[in-house]
Every structure is written in structure tokens, then in C-alpha cells.
Amino acid sequence: MKFIKHNNVLPGFGPTMGYTLLYLSLIVLIPLSALVFKTAGLSWHDFISTVTEPRVLASYRITFGAALAAAGINAVFGVLVAWVLVRYPFPGRRLVDALVDLPFALPTAVAGITLATVYSANGWIGKHLEPHGIKVAFTPLGIIIAMTFIGLPFVVRTVQPVIEELDAEIEEAAACLGANRWQTFRRVLFPLLTPSVLTGFALAFARGVGEYGSIIFIAGNMPMVSEITPLIIITKLEQYDYQGATAVATVMLVASFLMLLVINLLQRWSRRYAG
Amino acid sequence: MSIEIENIHKQFGDFTALQDVTLSIPSGELVALLGPSGSGKTTLLRIIAGLETPDRGRIIFNGEDTTDRHVRERKVGFVFQHYALFKHMTVFDNVAFGLNVRPSGTRPSKSAITEKVMELLRLVQLEGMAKRYPSQLSGGQRQRIALARALAVEPQVLLLDEPFGALDAQVRAELRRWLRKLHDEIHVTSVFVTHDQEEALEVADRIVVMNRGGIEQAGTPDQVYEHPANPFVLNFLGNVNLFHGRMFQGEAQMGGIRVDAPGYAGADNAPAVAYVRSHDIEIDRSQVDATALKAEIRHIQKLGPSVRVTLNLEGNGGFIEAELTRDIFQTLGLQQGEQVFVRPRQVRVFVEDYQI
């Protein structure tokens, strides 16, 4: 602490740090600790049995599994979208660029109803998939689609500025050294994009895990099959089982935190060259 | 390997970057493309590399037309001004890159690659740096790694785009001596772009002076310095003083200076310009001969080993600059405001309506 006070050329460490702590406490820490406190009212045995009920366990698998799948899909196609938006000038590019942000702005319930309508057995897309035996609405596949929809802007918006700042010379250097386009992408460009792709992946994943509004309309919410954890929490609340709800919420909190931590570590490792 | 550049033309929108440039670069030479910014020198280098396609004209490597060959297949080593190292790779991986991306049939074995990379790192005197990342190196070290990386693929031609442009003066001077030495060892045909006349004069076997998309003069450093083909070359290589006047029967007359210019005997009463390099002006305290002109010292600027003296000529009121060595300056003991005499040692006259 001493060196920060004496040798820092940027003044205002004290007040800004104080404000940061206060703000984080009010907005994040206090509500979350209230969650844990409420859960602490349960005995250890009750806690374990609540959070390991088969129906709850199934919901963890669906929520985290679908969120991982959706974030993975977004990591691939989000990079593609960002690449096209940065690299190729085409008519209507600005419009497409603006479209990317729509999932941010759209109320999630609207998104959910729209997706459910389009992908249901007689919807625009659903009726073409149905004859092939692919059911989207009211299945886990529908959950993945809803999570992909809301997570897309996270990957695009984190990767886009990094692609914009890639130096054209490194691609030219790779070409001079005999690398073809694929080798250039895999060995030179992709490693430089990895940290931002991981950040986008983490954000899309976190959003997917926490998503409620758009999913419940398309998921069908069948216990053990397509019921997500946030819905279990809501159900428990509606039954005035506050402690049970917070117990499940705590598990989600810890699991999400651990996964984000791992992704952050991965991201740090992927930029180990930055000296 | 020799390079023939035939009638290369390149247009960027309304801007003509290169206008029918023809140049031949003999095998094994170190050639400097020298010119101000916008003269087309970098564009020409990039066209030789295949990073840019010409609108017209041909590039011939060793008698073989390579105009339409992709940069990947040209076997050129290219060194960028800002290094363009792969920052996520170690120094070793950077240098090994060109070998690692070869198709599996022609790729050397892992141990052969290691051996080759270490040999190159020794060549650029950075063998201890193999495990570092580019961000941990200084500018001069990064540029040497970039050079090692370019040499790893055993290029037939080495192309360098302002290779020392981003470095500070001392490292720059050191690196260009080193580049000259390296070239004497490996003899790969090399072309480098620079806007620094000193760098070109010191390093190159041959200098190509470029201006506005064309070549003004090509020749050895002595040729372009001692016998500049036109006022542009003269002006670009060193500081010069201009005297405007007229030609009369093979003699240029300009405000007290008379110079024989037999080459222009036909041009009578034509406007002429005489150029005198600032270090070709001698300052005396007394009038030694009739060519000496009276002048007043207006300003004295000491630049390390040399001293620049700004003088006001009596009569026509023009200003000239003279560069003296510190020794001569001290022997003369010149002071600001003094009246002295100046004598141009070497005058070059050009009769053409040329404005710089």
C-alpha cells in the first residue's frame, strides 16, 4: 500500500478505490452474501438433499451443458461474423453490424416467444425440420438455440475490435515465409484472437447460464428433460420454499464462479507472450 | 539472383505511384531505393516481393517471369519497418516459422529445424534469446530476429522496407554497418528502401534515387554523389546552396559567380541554376581571388564535429550555408556579424527550368 501512496503519478487512488469497494458491495457482494446467509439456515443434510434431488441435478446438466454448447457455437460463428464484418466491405454492412446487437436490446420474453413460434412444429423453420425428425421447440435443442441467440453479441463484440487491430503486415510476413491462408489463420491470426474469443465465450456462457425469459417459452420445461435451473428456483419461490431456492441458487453461483475463473486463467495463459 | 524490373506501372486511384519504371538489379548486389516519401520506393519493393500487383509491366527473377507468381512461391525474404514479428511466438518459433509451414514432404526434420534456427540466431548474434518473446526484446534485437526469420527460408532475394526507420540513431548506425557486413558474408541479392541518404551512401553497392514514381538516377554511391544526373539528385544527397543566373556562351553568370559550363555552350541567355554543396564553400578572411564573394556571418550552429555557418551575400542579398569542420572553424575564429569572403570550391550548373 505504501508504494501506491507515494510513487503513483495518478492521484485519487484512495477515493476511487473506496468508491469501487462501496459500489461493488452494494450491487454485488451484499445481495450475494444474503443469498448465502439465507441458505445457511438449512442444515448441511437438508442442503445436500435439496441440491442433489434428481430433478435438480438434471437441470444443472441441461443448464450448464446447453450454455457451454451455445457459447461454443457462438465462439465459432461469432468469430466468423466478426471477421466478415471487419474484413469484407459489402453493401449493408452497417445494417448487419447493428443487427448483431439486437439480442442485447430485445426483451428476452419477446425473443423467447418469437423463437418458440418459428421453431415449433408448424413454424417457419420448424415445419421444415419436423419431416427430418428434428424437433427444436420444447426440447433441449431449443434451449441451446435460445442461449445461442442471446449470447451472439458477446463474442462478436469482444472479437471485432481485436480483428480490427490485427496488423496486415503479420499476414504479409507469413505469406512471404510460404504459409498458405489456412496456416496463416491457424498459426498466426487465431492465437492472437484466442484471448478475446475466450472472453466472449465466458460472457456468452455466463449469460446463457443466467438466462430465463427467452428459454422458458421454447424449452417446454419438462422435468428431467428440458427444465433449466433458474426455472427450478422460480418454482421453489412460488411454493414459498425460500431456503430451497437459495440453496440451488448458491450451487449455481459457485459453479458459475468456478467456470468463469477457469476461463479467466485460460485466457491469461493464452496471452502469456504479452510480457 | 538478378532482378529485372520492366516498365512497371502502378496507380492508386488518381495517384500514380510508379510510372513505367525499368531497372535491373545484378545478382548478389545490395541496392538502395532512395527517395522522399511518396516517391514510390516502397511500392516498387512490394511489387518485387509480390505483395502488390503492378497494373502493367513485368518482374523477372533470373530470366524467369514472376509477375503473376504468388508471394508464397517467390522465395523472397521481406523485412518490415515495424518488424511484423509474431508476438505470440517465441524468438525460436518466429525464426522457425518459414520451415514449419512447409508441406510435410519438403519440411526438414525437427532436429534439422532446430539446428538451422540456432545457426541463424548465431548469425544475428542473439543465440541466447531463443526462448524470449518479441515483447522482451529491444527494437534493434527485434529487427535482427525479423532478418533471421526472413533468412530461414533461404530466400533468393532479400527485401527490406526501411529496416532501420523505427530505431534510434545509435542502434541504427550500428545495425547498418552490421547489415553491410552480413551481406558481404552471405551475398544474397538485397534491395532496401530508405529515405536516409547517409544510410544509402554507407551501406549500398548501388543507389537508385527515386522521385514521383520514377527513377532519377541509378549508380554507385560515388557516381550519384559525385556526378548527380540532375538537380533533384544533387539536392537530395546533401545540403546545397542555389544560385540563380543566366547562361552566356558557355559561361553561367550568377550574381558575381562565373562558372564555365561547356556542356551548355548552346544555351545562350537561358536561365541557369548553380548548386554548391554546403561543405564545398570555403570561408576566408581576405579576398583570395576574383571568385571570392563578400558576405556577412549571420548565424553559427555547432553540430558535433562540424559547424554550419549561415551567411548573407553582399549585393544580391541571398543567404547561403557553409559547413566547416570544427578545426577550420576554430582556426578561423569566426564570429557572428563578421565580414568574410566565401569561395565555392565546386559548382554544378544545370540549365533547365527546374524548381525544387
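Across the interface of chain A and chain B, 4 residue pairs are found in polar contact, both residues of each pair being at pLDDT 80 or more. Please bear in mind that this is a predicted model. The same interface holds 1 salt bridge by the rule applied. In that salt bridge Arg46(B) is paired with Glu172(A), and their closest N and O atoms lie 2.7 Å apart.

Which helices of chain A each supply at least two residues of the side that touches chain B? They are α10, spanning 168-176, and α11, spanning 181-210. The greatest contribution to that side comes from α10(A), with 7 residues. By residue class, the side of chain A that touches chain B divides into 12 nonpolar, 5 charged and 4 polar residues.

Let me turn to the extent of the interface. In terms of contacts, 21 residues of chain A meet 23 residues of chain B. Between them the two chains bury about 2000 Å², and 67% of this is on carbon and sulfur atoms. Three residues, Cys176(A), Leu177(A) and Tyr273(A), account for 34% of the area that chain A buries against chain B, which is more than any other three residues supply.

I now move to the nonpolar cores. The largest of them has 101 residues, and the members that touch the most others are Ile5(B), Phe86(B), Phe97(B) and Leu159(B). Helix α4 of chain A, residues 54-87, gives the most to this core, namely 14 residues. Apart from this core lies another one, of 48 residues, which includes Leu160(B), Leu167(B), Leu175(B) and Val233(B).

Let us look at Ile5(B) in more detail. With neighbours within four places in sequence left aside, Ile5(B) is in contact with Val21(B), Thr22(B), Leu23(B), Ile25(B), Leu44(B), Ile48(B), Arg58(B) and Ile59(B).

Finally, I come to Glu4(B). This residue is located in strand β1 of chain B, which covers residues 3-12. Why does Glu4(B) count as partly exposed? Its relative accessibility is 28%, and therefore Glu4(B) falls in the partly exposed class, which lies between the 20% limit for buried and the 50% limit for exposed. Beyond its neighbours within four places in sequence, Glu4(B) has contacts with Leu23(B), Ser24(B), Arg58(B), Ile59(B) and Ile60(B). As for Phe319(B), 315 residues separate it from Glu4(B) in sequence, and the C-alpha to C-alpha distance is 44 Å.

Conventions:
Residues numbered from 1 in each chain as written. Chains lettered and ligands numbered in written order. Predicted model: local features only at pLDDT ≥ 70, side-chain atom pairs only at ≥ 80, totals over all residues. Heavy atoms only, no water. Core = buried A, V, L, I, M, F, W, Y, C linked by side-chain atoms within 4.5 Å. Buried < 20%, exposed > 50% of the residue type's maximum accessible area, 1.4 Å probe, protein only. Helix = DSSP H or I, 4+ residues; strand = E, 2+ residues; numbered from the N terminus. Contact = heavy atoms within 4.5 Å. Buried area = accessible area lost by both parts, 1.4 Å probe. Salt bridge = Lys/Arg side-chain N within 4 Å of Asp/Glu carboxyl O. Polar contact = N/O pair within 3.5 Å; in protein donor to acceptor, adjacent residues only side chain to side chain. Nonpolar A, V, L, I, M, F, W, Y, C, P; charged D, E, K, R; others polar.
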